Amino acid sequence: MAIAKAERLMNLALCLLGTRRPLSKRELRESIEAYVEAFGPGTGGDDSFNRMFERDKDDLRELGLVIETVESLDGEVGYLARRDSNRLPPITLDAEEAAALGLAAKVWQQARLAGAASGALQKLRAAGLPEDVDPYEAHGALEPRIPVHEAAFEPLMLACRDRRPVVFDYRKANAAHPEPRHVEPWALECWRGHWYLAGFDRDRGAERVFRLSRITGKVRSRGGRFTAPVPDVVTVRETVAGWAGETADRSARIRLRGGAGYPLRARATAVRELGDGWDELEIPYGHGLDAWLVEFGPDVVVLEPAELRADVVDRLRAVAKG
């Protein structure tokens, strides 16, 4: 159904852009195959056709097409989309802007978006990008990369774009087995080398953030619309940072093996050598710190508080059972 509507809108847009004079509803109805198949030829007075035509016209206007309504001398209303009103202005880029686009394309080099980014730059070159500007030229010693290894990235990206509910199997850090989650996806964001999805969890009736590396199996699309409003600003990074203890107001003491856990050392507020290849660190403690500490395996031992130590032990036991 989505493909049929898209084809119908495209045909309507082409008719309105290709005509030199306003076309009436009757003429559009008889010219567009989708209208003929749905309603048959007619005079344009059919209520069902009128409702569909008005929706299609509104959809095209929301997409940016400028459609004019013109009334002839005999009172008949016609529609057209003048090309000069719907033509984008010439694209002009200086060297710095071209370099920024090239850098953005390189960032997505490992993702499916690489093809789209490369194609966009080729179109800009054809549209008059200066020949002496190479958008792919390296402009520094460091080249940014956004790794996208998770198979769930592309279907979730499309679901966020299309506002389409999804279902996937998700394994929490303290769970031995994954469980299905029904989610209305809002946004994807990369934070400290990991991709996260923010959305509305229908099963729990609240906003949740999911780490893509913990999604198992395929992401399946579901029909229907979103049941919860999408916030104007989705704070994925702030939410994950809070869970990871970035905004913590407490402290925890851990033992850390020498030469290991450099991210923990970078956040430590105090470090003391214990000898025998171990150090004692004091680090900020907030929600989700237990999940982060588990990632360091046997190189970390929690000293206090007791509840953090218990949470880490529970997560390690869950991993061992799985």
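Between which strand and which helix does the loop that holds P305 lie?

A: P305 lies in the loop between strand 12 (300-304) and helix 11. Helices (H or I, at least four residues) and strands (E, at least two residues) are DSSP runs, numbered from the N terminus. The model is predicted, so local features need pLDDT of at least 70 and side-chain atom pairs count only at pLDDT 80 or more, whereas totals for chains, interfaces and linings use all residues. Residues are numbered from 1 along each chain as its sequence is written, and side-chain values use heavy atoms, with hydrogens and water left out.

The peptide bond that joins E304 and P305 is cis, with omega at about 5°. Most peptide bonds are trans, and most residues other than glycine have a negative phi.

Helix 11 spans residues 306-321 and contains A318. A318 is buried at a relative accessible area of 10%; buried means under 20%, exposed over 50%, and partly exposed in between (1.4 Å probe, protein chains only). The C-alpha atom of A318 is 5.1 Å from that of A176, although 142 residues separate the two along the chain.

Positive phi values occur elsewhere in the chain. D276 has a phi near 55° and is not a glycine; D276 sits in the loop between strand 10 (270-275) and strand 11 (278-285), and is exposed, with a relative accessible area of 79%. R163, also not a glycine, has a phi near 55°. The loop that holds R163 runs between helix 7 and strand 4, and R163 is partly exposed at 40% relative accessible area.

Helix 7 (residues 153-162) buries F153, L156, A159 and C160. They lie on the same side of helix 7 because they cover an arc of only 130° around the axis, the arc being that of the directions from the helix axis to the C-beta atoms. An α-helix has 3.6 residues a turn, so residues three or four places apart point the same way. The buried residues of helix 7 pack against strand 4 (166-170), strand 5, strand 6 and strand 8 (215-221), where contact means heavy atoms within 4.5 Å.

In strand 6 (residues 194-201), seven of the eight residues are buried. Strand 6 runs antiparallel to strand 5 (residues 179-191), and eight bridges join the two; two strands pair if DSSP finds at least two bridges between them.

Strand 1 is joined to strand 3 (residues 77-80) by two bridges, and Y79 in strand 3 is the bridge partner of L23.

Overall, the chain has eleven helices and twelve strands, and buried residues make up 36% of its 322 residues.
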